[in-house]
Amino acid sequence: MSTHTPNLSPANSNAALRSVEGIARVVRIEGDQAWLEPEQTTSCGHCASSASCGVSSREEAGIGTVTSRLQARRFHLDNPAGISGFREGERLVVGVSERALLNAALTAYGLPLLFALVAGGLTQAAYGEDLTTMLGMSGGLALGLLAARLNARRLAARGDLAPRFLRRARPDETCGTV
Amino acid sequence: MKEFALMMIGAALVNNVILARFLGLCSFMGVTTRVDTAAGMGLATTFVITVSSMADWAVQTYLLDAYGLGFLRTVTFILIIASAVQFTEMTIKKVSPTLFQMLGIYLPLITTNCAVLGVALLLVEGRMGFLSATMFAFASSVGYSLVMIIFAGLRERLVLADVPRLFAGPPIAFIVAGMLAMAFMGFSGIATS
């Protein structure tokens with residue numbers, strides 16, 4: 001583990017104050033992009049030492065395994081501070097703002113639900129039959145998912161959902177202690 | 001309309017899933033260390049409960065009741081809930097990979113949340129129409145989210161409080177949960193569901 005700690009910009013320091021933090025491991029470096037894989041909290045709460053408790057995050061990837069789930073959640077940092085110092089296997093503390101998390105949850109879950117319930121209510125008022133209401137609500141849900149997709153694209157384009165590099169993780173730091 | 005509103009208030013506050021029916025206690029204690037994670041979990045659970053209740057109602061009405069297969073209810077509902085979680089996960093991943101990276105962590109936890117199955121079984125007992133059943137499930141899950149967020153806020157404050165060593169951690173959290181349940185008993189005069 002490198003002891004070099006890059007200087008945090010004011011933006012990063014500000015993000016550190018009001019952000020949801022987690023530990024991710026650098027799994028690949030491609031040019032000016034670092035690919036990271038989030039560490040998984042296991043039942044024992046010590047992701048970094050999980051290999052010793054039988055819930056290893058280094059098991060073989062397969063359908064439904066912890067490893068496959070982690071691989072599906074890989075993300076990259078665009079040109080983070082001091083990327084030239086990053087090495088594969090290094091553990092970093094990354095964060096997203098609390099507002100971004102709430103916006104993401106409202107977009108992914110709130111918007112489709114709102115569309116579904118409004119569509120269901122309108123269909124029930126218009127026809128008064130369970131089967132028609134069910135079809136109307138399903139249509140509203142599909143429409144809501146489409147709206148969520150558009151809004152998520154807008155948020156991603158603004159960079160609101162991008163995780164930020166905060167600092168390098170201490171050797172004894174686990175996802176349960178961040 | 002009035003009955004509808006009273007039913008929803010009853011489901012969310014009077015017969016709260018967590019504090020009155022004691023369902024979903026594992027996530028109540030496990031995911032309430034921070035308000036933002038509690039809100040994320042609450043919204044994800046609200047979505048899954050509402051969507052799975054729609055499917056549960058349809059299967060119960062057009063399959064289990066119609067063909068006298070009521071004895072398969074529990075196992076069928078478990079299958080529907082697992083499918084709903086998988087559907088949600090796949091949809092979120094398709095709709096926005098970024099959102100999936102941020103929120104995907106909560107979804108597998110919902111499969112084993114007994115509140116989801118509990119609400120589905122309550123719907124069957126209630127013998128409601130489709131819209132009433134869906135709104136009941138939505139209101140129940142809103143009540144679940146509300147309690148999760150309130151309790152997370154209290155626990156964030158507890159971290160800063162000078163708690164005696166004997167009560168630090170889960171013991172004081174359980175005591176606070178008990179006091180919160182007593183506070184919610186104050187709603188019991190408002191409505192019945």
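This is a predicted model: local features need pLDDT of at least 70, side-chain atom pairs count only at pLDDT 80 or more; totals for chains, interfaces and linings use all residues.
**Entry 1: getting my bearings**

Two strands pair if DSSP finds at least two bridges between them.

I began with the layout of chain A. I counted four helices and five strands there. Reading from the N terminus, I wrote the order down as α-β-β-α-β-β-α-α-β. Chain A has 178 residues, and 32% of them count as buried. I then looked at how far along the chain the contacts reach. Among contacts in chain A with a separation of 6 or more, 71% are between residues 24 or more positions apart.

**Entry 2: strand 1 of chain A and its partners**

Next I followed strand 1 of chain A, which covers residues 19-30. Which strands does strand 1 of chain A pair with? I found strand 4 (residues 91-97), paired in the antiparallel sense over seven bridges. As one pair to click on, I picked A:Ile23, whose bridge partner in strand 4 of chain A is A:Val93.

I also found strand 2 (residues 33-38), which runs antiparallel to strand 1 of chain A and is joined to it by six bridges. Here I marked A:Ile29, which stands opposite A:Ala34 in strand 2. Strands 1 and 2 of chain A make a hairpin with two residues between them. In the turn I stopped at A:Gly31, where phi is positive, about 60°.

**Entry 3: where the chains touch**

I turned to the contact between the chains. Chain A puts in 29 residues and chain B 25. Which elements of chain A give two or more residues to this side? My list has helix 3 (98-127) and helix 4 (130-158) of chain A. Helix 3 of chain A brings the largest share, 15 residues. Sorting the chain A side by class, I got 19 nonpolar, six polar and four charged residues.

**Entry 4: two helices in chain B**

Last, I looked inside chain B. Two packed helices are described by the angle between their axes and the distance between the axes, so I noted both. Helix 1 (residues 2-14) and helix 8 (residues 130-160) of chain B pack at about 35°, with axes 7 Å apart. The crossing of these two helices of chain B is right-handed.

Definitions and conventions. Residues are numbered from 1 along each chain as its sequence is written. Chains are lettered from A and ligands numbered from 1 in the order in which they are written. A residue is buried if 20 or more other C-beta atoms lie within 10 Å of its own, exposed if 12 or fewer, and partly exposed in between; C-beta atoms are placed from the backbone. Two residues are in contact if their C-beta atoms, placed from the backbone, lie within 7 Å. Axes are lines fitted to C-alpha atoms, for helices over the stretch in contact, and angles run from 0 to 180 degrees between N-to-C directions. A crossing is left-handed if the near helix is turned anticlockwise from the far one by less than a right angle, and right-handed if clockwise. Ala, Val, Leu, Ile, Met, Phe, Trp, Tyr, Cys and Pro count as nonpolar, Asp, Glu, Lys and Arg as charged, and the others, Gly among them, as polar.
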